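This briefing goes with the sequence and model shown below. Please read it with the structure open.

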Protein chains: 2
Amino acid sequence: MQSLAGRLERCAINTATLGHQLPIEQMIDAVARAGFGAIAAWRQELQDRRVEVIGRRIRDAGLKVSGLCRSTFIPAPTRALFLANIEDNRHAIDQAAALEAACFVVVGGGLAQGSKDLAGARAQLGEGLALLLEHARSAGVPLALEALHPMYCADRSCLSTLEQALDLCEVLDSHRSGALGVAVDVYHVWWDPKLEAQIERAGQSQRLLAFHVCDWLVPTRDLLLDRGMMGDGVIELHRIRGWMERSGYADAVEVEIFSRDNWWKRPVSETLEVCAERLQTVC
Amino acid sequence: MQSLAGRLERCAINTATLGHQLPIEQMIDAVARAGFGAIAAWRQELQDRRVEVIGRRIRDAGLKVSGLCRSTFIPAPTRALFLANIEDNRHAIDQAAALEAACFVVVGGGLAQGSKDLAGARAQLGEGLALLLEHARSAGVPLALEALHPMYCADRSCLSTLEQALDLCEVLDSHRSGALGVAVDVYHVWWDPKLEAQIERAGQSQRLLAFHVCDWLVPTRDLLLDRGMMGDGVIELHRIRGWMERSGYADAVEVEIFSRDNWWKRPVSETLEVCAERLQTVC
């Protein structure tokens, strides 16, 4: 497998890595200046912006959009709220299309508020995705289902493994329209004994839409906001990228680090510099 | 499925629930007095004790021993340390036998210190269990492999799902000697999309050796020491117990709660009272 050294154009920065310190325009400039080839944006950064303008600015900076983050959580305690979530996601898919994003990242949501019905949440997620799929197809933006680490099952994602995500893809999109696939984030799946096999399966069905990297720190001090920089933790990043590439993945290697007490406190330029160095050496 | 109301003799208290506040003798008395039918002990409580004496005291109190916690982690950075871990576990199995414990709880260990080699850790675990199995068989104490939540994969257990544990059982003990099975702890496995199917599989191969309950709190503030009392979180305890019992499990329902900032700060009598109430109402 080819090293990423000298190939930062293959690499992307997810704006979450920069701690939401700057407006999107400045992050675009900083990411482009640092030599990366793509950026992944968050919906909240597009509020009060004309999305077409941001899309053009990104392209003018020489960047691609590796993804738009992320879906409104789908499971809800009432039918009306569930349908409102779907509508919200339709709007977000249109934004992703306007940005010419490579995919719309779907984080499914956990249990509906006040509920313990995990099977029910999963059923709602499946139904919600079925409702969104045609819209994604006509918008030309594939949905990338991101299985989240099982520690987020209650409150963020009842989609917990890559296997489960691929099972869902097969149910909803058995003819492989290209509109439904998966985002593989090492933080969420590195522990999975079936990871290699499921990445291979995803490649065979052409579902590999995104690849996110960061690292798992030991100890991990916060369930949500203590992700590590690549190389500072225990994930075999190079090995997992190898599985992705052997399975046909040739798109962006995207850095996504939530790190309230470390990287989010540093200057954006420093974080970008370290990301670039680590991508080229440990990924 | 029969309720646990009026059937505390089916229920066990894992001494970890009591925050290690008291010597084992006092915990035995408190658990018996509160009406439970069994206790699960930790090895550190047996230091400086004659295990046979503790075993007799437990039986004299009218209690069974639902398990002895837990194995020394197996993966190690050198062969000598690996073999020392195995030897340590042999000794612990002898203690479990002296206690007449229903099983010896095996928490496999995470990555070897300083290593990122997850496949290697899993291979060491498999080899270590193979080395221990004959000893367990001759001691008459089955090994209960406990898959731990994937958030412990790095530092506590590279055994992360029930499916993985059962796959290992089949490799190591294909003829079902009775010496190898699994402990199902709801905290570790409640999120698993394959949980019902894997519990059924474990039942069919007579591998269900232990069942631990507590709850998953939302939010969870600490990866290790913020488990909830049954009913205070989001786990469908009654449903999972139903899957266990339909699969043939008829042994203890054991409460195991690590709760540094809540239950461990309360008097033992109060914690036991609430355990009893919740077992009989929400489990």
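The model is predicted: local features need pLDDT of at least 70 and side-chain atom pairs count only at pLDDT 80 or more, while totals for chains, interfaces and linings use all residues. Residues are numbered from 1 along each chain as its sequence is written, chains are lettered from A and ligands numbered from 1 in the order in which they are written, and side-chain values use heavy atoms, with hydrogens and water left out.

**Strand β2 of chain A**

- Strand β2(A) (residues 38–42) has five of its five residues buried, so it is largely enclosed by the rest of the structure; buried means under 20% relative accessible area, exposed over 50%, and partly exposed in between (1.4 Å probe, protein chains only).
- Helices (H or I, at least four residues) and strands (E, at least two) are DSSP runs, numbered from the N terminus.
- In a regular strand the side chains alternate between the two faces of the sheet.
- One side of β2(A) carries Ala38(A), Ala40(A) and Trp42(A), the other Ile39(A) and Ala41(A), and both faces are covered.
- β2(A) pairs with strand β1(A) (residues 11–14) in the parallel sense over three bridges; strands pair if DSSP finds at least two bridges between them.
- Between β1(A) and β2(A) the chain passes through helix α1(A) (residues 24–33) in a right-handed β-α-β crossover, that is, clockwise from the first strand over the helix to the second with the strands pointing away from the viewer.
- β2(A) also runs parallel to strand β3(A) (residues 64–69), joined by five bridges, and Ala40(A) has Gly67(A) as its bridge partner.

- Of the area that chain B buries against chain A, Lys116(B), Trp191(B) and Leu223(B) supply 24%, more than any other three residues.

**Helices α5 and α7 of chain B**

- Eight of the eleven residues of α5(B) (residues 162–172) are buried, so the helix is largely enclosed by the rest of the structure.
- The packing partners of the buried residues of α5(B) include α5 of chain A and α7 of chain B.
- Among the buried residues of α7(B) are Leu195(B), Ile199(B) and Ala202(B).
- Just after α7(B), Gln206(B) has a positive phi of about 55°.

**Salt bridges**

- There are 48 salt bridges over all chains, each a side-chain nitrogen of Lys or Arg within 4 Å of a carboxyl oxygen of Asp or Glu.
- Two salt bridges lie between chain B and chain A, one of them between Glu163(A) and Lys194(B) at 3.1 Å, N to O.
- Arg207(B) and Asp173(B) form a salt bridge at 2.6 Å, N to O.
- Arg207(B) is in the loop between α7 and β7 and Asp173(B) in the loop between α5 and β6, so the pair ties together parts 34 residues apart in sequence.
- Arg207(B) is buried at 2% relative accessibility, as is Asp173(B) at 0%.

Conventions
Buried area = accessible area lost by both parts, 1.4 Å probe. Contact = heavy atoms within 4.5 Å.
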